[in-house]
Amino acid sequence: MSAPIDVAAARVDHLALIGNFLPRKCGLATYTTHTYQALVDQFPDIQVDVYAMDDHPGRYAYPPEVTSSIPEQDLSAYIDTARAIEASGAKALWVQHEYGIYGGAAGDHLLALLDRISLPVIVTLHTILERPSADERRVMEAILRRASKVIVMAERGREILLRVYGAQPRAIAMIPHGVPDRPLVDPDTLKGRFGWEGREVIFTFGLLAPNKGIETVIEAMPAIVERCPKAHYVVLGATHPNLVAHEGERYRESLATLVGALGMQDHVEFVDAFVEQDELLDYLQAADIYATPYHNPAQITSGALSYAVGVGKPVVSTPYVHATEILADHHGILVDFRDTEAFAREIGELLTDQSRRNRLSQRAYARGRTMIWPRLAEAAMVELEAVIAARPRRLPGMAVEYVALAPDLSAVERMSDATGMLQHSIYSMPDRRHGYCIDDNARALILMCRIDPLSEEQRDKWTAVYGSFVQFAWNPDARRFRNFMNFDRTWCEDQGSEDSNGRALWALGVTASEARAQKHRDWAGALFDQTASIAFDLGSPRAQAFAMLGAAAMVEAHPGHGLATSILNRFGEQLIALCDITRRPEWQWFEIVLAYDNARMPEALIRAGHALGRPEFVQCGIETLEWIVERQTSPSGRFRAVGTESFGRPFADPLPFDQQPLEAQATVDACSAAFVATGDRKWIAEGLKAYRWYLGANDLDLPLATSQDGGCFDGLQPNGLNRNQGAESILALQLANCAISSLSKAAESMADPPRAVA
């Protein structure tokens, strides 16, 4: 049963809005600014936070209405903005989408923001490509998946979304481009302001670029002037900034040259300016005819055309998509693309037939009344309230019992072949493109030592596969383990990262200590002895902790093992020293930042102290584990993995997303170590809390474990699950299953064990 809809909460009193914004000079900035103004005018109680896309950081003096700007090419700024929107209290996000205003391939930086938003999202599509590139298709399809509703400004846009992108019909709304509310006036009453007295004015406005087709009307002017000697063509608009950046004013100069060649200097006027709305509307109202000779038949929206219709201009246009729809039913005149003779004929007839011109003006004005900005704001508010009302509401106070899963090798086997365990998957399907890595095969080797029940045949087979991968990864010439291997079994490198080398030593130590077959213990012990001295070259505290976990296992199996004991003593003392250096009243940690596998460092200290009989190691491990566990607890008391977006933020509280399965497993293991070392039953409760994260006791109430086959999704994102099931995630769940099984047995031996409930 789906959660009930909270209709009362659907009232939109706080909205986030993303797009260009004035004083940036472009049509989308004008559109977003007018959208904002229409919303606050029509709905005075609404708070609208504007996030302005910024192509030149520092250039624009944004007004107070702009909450903040997003540097176009700065991916981290998109992620920061997502955090800000999530924390703002906004009930929905409205995005103005246009190719070219967002950074990344086809603007895919926007997806990084949308992926981190848990709010309902609506997107107004200003361009819908019928023949998109691969990147353009990828981005549009991702937007369609993420948006609760997309708004198109023409019915053709809806048709393209359905036919080309497979969009869902119910997810599309058609809301025409907004227009200002101006009265219908006689053009002659305003011509004096611009020095056009006695002229018959043909007008075009917008940023100047070759696709605007201005030369078509210029070439028609000799025939128009022959018929109407007072005809005057005015082209208003600065050259498009991108065009200026690439070629300066070459296009404008070519138009001026064409005017001179035709002898039309007295009949064509260029106004090289980006004017504010009120002045633009005055220009429009002073014109007799509006011309849009655009070349692109697929153009779905034109703010210039919408404005012209809004003030009641007779329009002569090429039949691009928006013009075909808005001028249908005799609301304007359409002529073929680049048809100079047709433009001359139709404009000439209108200029010589005042009665027809007036009738066309009145019809256009009547259509424009349906498009004024207040109508757009009202229509958008209907869509916003609908998507907010449709959002499922979490029911508080429901106690759910979470039953621990039995270890299950099915998904591990699915991701494995005779070479080893593949790294990544697409959903549950192994993705061979990314090959293998020692990190995952080392973890899989540890799993073979711990998983029960498992047949001897299976355990022997897979221990050999994962162990041989680790063996083959050893590069004696470089005295390092390699990490990444292509699917064709060629290595990508001569030596892997510090972390991968630390994990290899960890797996060898555990296998030497815990493998069920003596032959596997003998092999692992020999390779550990051969390779473990590389640990002393590791500089990363996390990599050192991984090596310590392997060394602690070796000491458990071989008390007094010299090399393992040296690793534990040296790195244990170094971790304590690091903690002393970075310690603050509010910061009890080894580094000034949080990152991945955080609980491994306390665990390594606890296991080292327990193995060596060094209580100061155990004490520091327990103190830092208590600190990190507190920061991994949500306000509702559930486990909240330190999100990947938290990484690298000095002395900052962790952020909640993206949450990775690795963090829950590390915490379960660390709590198990703490319980063994101290006997304190609180660590059983903390371990169970971290484990239940896999089962759905998390921020989104979504299970990551797929209990039917032993799989695990790759992460918890603001808007749901990352539904891929890579090796790291599957192994994290299965190793956590093994650890929680051992911890639960300890809990059952106590008089009053904690129940695994939310």
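Trainee: In which helix is Leu110 found?

Mentor: In this predicted model, Leu110 is found in helix α3, which covers residues 109-114.

Trainee: Why does Leu110 count as buried?

Mentor: Its relative accessibility is 2%, and buried means under 20%. The value of Leu110 falls under that cut-off, so Leu110 counts as buried.

Trainee: Which residues does Leu110 touch, not counting residues up to four places away in sequence?

Mentor: Leu110 touches Tyr78, Val95, His97, Tyr102 and Ile143. By contrast, the C-alpha atoms of Leu110 and Glu586 are separated by 35 Å, and these two residues are 476 residues apart along the chain.

Trainee: Let us turn to helix α20. How do you know that its span agrees with what it should be?

Mentor: Helix α20 consists of residues 541-557, 17 residues in all. At 1.5 Å a residue it should span 24 Å, and its end C-alpha atoms are 24 Å apart, so the two values agree.

Trainee: What makes α20 largely enclosed by the rest of the structure?

Mentor: Of its 17 residues, 15 are buried, so the rest of the structure largely encloses α20. One of the residues in this helix is Gln544. Because its relative accessibility is 4% and buried means under 20%, Gln544 counts as buried. Leaving aside neighbours within four places in sequence, Gln544 is in contact with Leu538, Gly539, Phe571 and Gln574.

Trainee: How many aromatic pairs does the structure hold?

Mentor: The structure holds 27 aromatic pairs. A pair of aromatic rings is described by the distance of the centres and the angle of the planes.

Trainee: Why is the pair of Trp506 and Phe546 called stacked?

Mentor: The ring centres of Trp506 and Phe546 are 5.7 Å apart, and their planes are at 15 degrees. Rings pair if their centres lie within 6.5 Å, and planes under 30 degrees apart count as stacked.

Trainee: Why is the pair of Trp587 and Phe651 edge-to-face?

Mentor: The centres of the rings of Trp587 and Phe651 are 5.4 Å apart, and their planes are at 75 degrees. Planes over 60 degrees apart count as edge-to-face, so that is the name for this pair. It links distant parts of the chain, 64 residues apart. Trp587 is in the loop between α21 (562-582) and α22 (600-612), while Phe651 is in the loop between α23 (615-631) and α24 (661-678).

Trainee: Why is Phe651 called partly exposed?

Mentor: Its relative accessible area is 28%. Buried means under 20% and exposed means over 50%, with partly exposed in between, so Phe651 is partly exposed.

Trainee: What makes α18 largely enclosed?

Mentor: In α18, 14 of the 17 residues are buried, so the rest of the structure largely encloses this helix. From its first C-alpha to its last, α18 reaches 24 Å, close to the 24 Å expected at 1.5 Å a residue.

Trainee: What is the phi of Arg479, which is not a glycine?

Mentor: Arg479 has a positive phi of about 50 degrees. Most residues other than glycine have a negative phi, and most peptide bonds are trans. The place of Arg479 is in the loop between β16 (474-475) and β17 (480-481). Its relative accessibility is 32%, so Arg479 counts as partly exposed.

Trainee: Where does Asp701 lie?

Mentor: Asp701 lies in the loop between α25 (682-695) and β19 (705-706). Asp701, not a glycine, has a positive phi of about 55 degrees. At 30% relative accessibility, Asp701 counts as partly exposed.

Trainee: Which residues does a cis peptide bond join with omega about 20 degrees?

Mentor: That cis peptide bond joins Leu22 and Pro23, and Pro23 lies in the loop between β1 (14-19) and α1 (27-42). The peptide bond from Phe657 to Asp658 is also cis, with omega near -10 degrees. Asp658 lies in the loop between α23 and α24.

Terms used
Residues are numbered from 1 along each chain as its sequence is written. This is a predicted model: local features need pLDDT of at least 70, side-chain atom pairs count only at pLDDT 80 or more; totals for chains, interfaces and linings use all residues. Side-chain values use heavy atoms; hydrogens and water are left out. Helices (H or I, at least four residues) and strands (E, at least two) are DSSP runs, numbered from the N terminus. The expected span of a helix is 1.5 Å times one less than its number of residues. Buried means under 20% relative accessible area, exposed over 50%, partly exposed in between (1.4 Å probe, protein chains only). Rings of Phe, Tyr and Trp (its six-membered ring) pair if their centres lie within 6.5 Å; planes under 30 degrees apart count as stacked, over 60 as edge-to-face and the rest as tilted. Contact means heavy atoms within 4.5 Å.
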